[in-house]
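Trainee: Can we go through this one together? I'd like to start with the overall shape.

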Amino acid sequence: MKQRYVDNAATTRVSDRVFNAMVPFLKETYGNASSIHAAGRAAALAVMEARRQVAQALNADPQEIFFTSGGTESDNWAIKGVCARLLKKGKKHIITTAFEHHAVLHSCETLEKSGFEVTYLPVSPDGYVTAQQVADAIREDTALVTVMYANNEIGTIQPIAEIGRICREKGVLFHTDAVQAIGNVKIDVNADCIDLLSLSGHKLHAPKGIGALYIRKGIVLQNLMDGGAQERGRRGGTENVPGIVGLGQAISDAAAQIEEKAERLSKMRDRLIDTVLAEIPKARLNGGRKPRLCMNANFSFEGIEGEGLLLKLDMAGVCASSGSACTSGSLDPSHVLTAIGLPHEIAHGSLRITLSEENTEDDIDYILEVLPGIVAQLRMMSPVWQE
Ligand code: PLP
């Protein structure tokens, strides 16, 4: 049976171009980028080129890009690094939203235990926060505002440029977790007034375990990873040269085709959403339709439990997910769906379908062919479903 992979918000396949770019740095050019001999210098040159590629995709300066192990590390570093510094200036307040990724929420919770106060902005029923909410929450002692660029479960894109402008006006640092947006949305850290930005390679066809943090020139954070002098003394640890090269290649490939991808995937996404809502009774789309990531559709089906739906889809060859992969082992309902006001019984039963440029109209046809039957079958077995 052909496998249809539609869980690209969880992770993506490494593309052939990325793989081919990385291979030499696993085999012939395996030098340590900090070594002074020829093999080391060749690795260092490749790291420099990747830093340029990442910077170019964000309209940043290469000196503002720091490679990390992924989105989780970048979020932890941005939040804890800023707060450790600003606490010395008496700033001990953070503003975030109720539906951030756990890398942000749990970093904030850790800081709460050491005396920080955190404002968790509520999210509207269609999955957005407003710049006005941020403006109203800013205080004299606010150290950092951290709002995700796009939500990983429901794909809603937040008003980042407006929030950035408010933070800039009020003199508060602004971090955004752009892990889901990168490669799907054109990002300009200058136009959007972003001070710190987290990204991760494995969401855009680079391998797992590589990411970056953009840190605007002049911002000093406490280090998260103490060690050697790598990354200009700000992030110790031997550089993951193949991963860094892969991230550089992936981000420049993504930037080159971002408009074409958005156009093609949003048509596929809209056909999926329109047909599911028209053909399956009591189906709902979670998250507003606009602005929304071109690759994200997230549904709830009344009377259905998400786990059963995923298993049946898996048996039919469809790899989808119910909310985020990071919480899939948990029995708790999705904090994102409860943040947009869904009752627990519905928040348990969501289906997230996330596309990449590798998906085709044929994948959508197939999902639309099997999904209504699976939903009907599960409802027949459900003790809570009534026609
Ligand atoms: N932030 C968001 C919005 C994500 O979707 C993810 C991964 O799912 C992360 C952070 C964590 O990134 P990583 O898996 O690279 O640690």
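**Overall shape and parts**

Mentor: The chain has 387 residues, and a compact globule of that length would have a radius of gyration near 21 Å; the chain has 21 Å, so the two agree. That radius is taken over C-alpha atoms, and the globule rule is 2.2 Å times the number of residues to the power 0.38. Keep in mind that this is a predicted model: local features need pLDDT of at least 70, side-chain atom pairs count only at pLDDT 80 or more, and totals for chains, interfaces and linings use all residues. Residues are numbered from 1 along each chain as its sequence is written, and side-chain values use heavy atoms, with hydrogens and water left out.

Trainee: What box do the C-alpha atoms fill?

Mentor: Roughly 70 × 55 × 35 Å, taken along the principal axes.

Trainee: And how many helices and strands are there?

Mentor: The chain has 13 helices and 12 strands. Both are DSSP runs numbered from the N terminus: helices are H or I with at least four residues, strands are E with at least two.

Trainee: What order do the strands take in the seven-strand sheet?

Mentor: The order is β2-β8-β7-β6-β5-β3-β4, in an open sheet with mixed pairing. Two strands pair if DSSP finds at least two bridges between them. The edges are β2 (65–68) and β4 (117–121), each pairing on one side only. Neighbouring strands here are turned by 20 degrees against each other on average, direction ignored. The axes are lines fitted to C-alpha atoms, for helices over the stretch in contact, and angles run from 0 to 180 degrees between N-to-C directions.

Trainee: What holds paired strands together, in general?

Mentor: Backbone hydrogen bonds, with the strands either parallel or antiparallel.

Trainee: How do β7 and β8 pair?

Mentor: Strand β7 (residues 196–200) and strand β8 (residues 211–215) are antiparallel, over five bridges. In the loop between β7 and β8 sits His205. His205 is not a glycine, yet its phi is positive, about 75 degrees.

Trainee: Which strands make up the three-strand sheet?

Mentor: That open sheet runs β9-β10-β12, with antiparallel pairing. Its edge strands, β9 (283–285) and β12 (350–354), each pair on one side only. The twist averages 25 degrees from one strand to the next. β9 pairs with β10 (residues 296–301) over three bridges. There, Leu285 is bridged to Phe299 in β10.

Trainee: Where is Pro291?

Mentor: In the loop between β9 and β10. The peptide bond from Lys290 to Pro291 is cis, with omega near -5 degrees.

Trainee: New topic, the ligand. Which residues come nearest?

Mentor: Thr72, Asp177, Gln180, Ser200 and Lys203, out of 13 residues around the ligand. Near means that a heavy atom of the residue lies within 4 Å. By class, the shell has two nonpolar, eight polar and three charged residues. Ala, Val, Leu, Ile, Met, Phe, Trp, Tyr, Cys and Pro count as nonpolar, Asp, Glu, Lys and Arg as charged, and the others, Gly among them, as polar.

Trainee: Which helix gives the most to that shell?

Mentor: Helix α3 (residues 71–87), with three residues.

Trainee: What does the side chain of Thr72 do there?

Mentor: One of its N or O atoms is 2.6 Å from an oxygen atom of the ligand. A polar side-chain atom of Ser200 also lies 2.6 Å from a ligand oxygen. For Asp177, a side-chain N or O atom is 2.6 Å from a ligand nitrogen. The protein covers 88% of the 390 Å² of accessible area that the ligand has on its own, by the Shrake-Rupley method with a 1.4 Å probe.

Notes. Polar contact = N/O pair within 3.5 Å; in protein donor to acceptor, adjacent residues only side chain to side chain.
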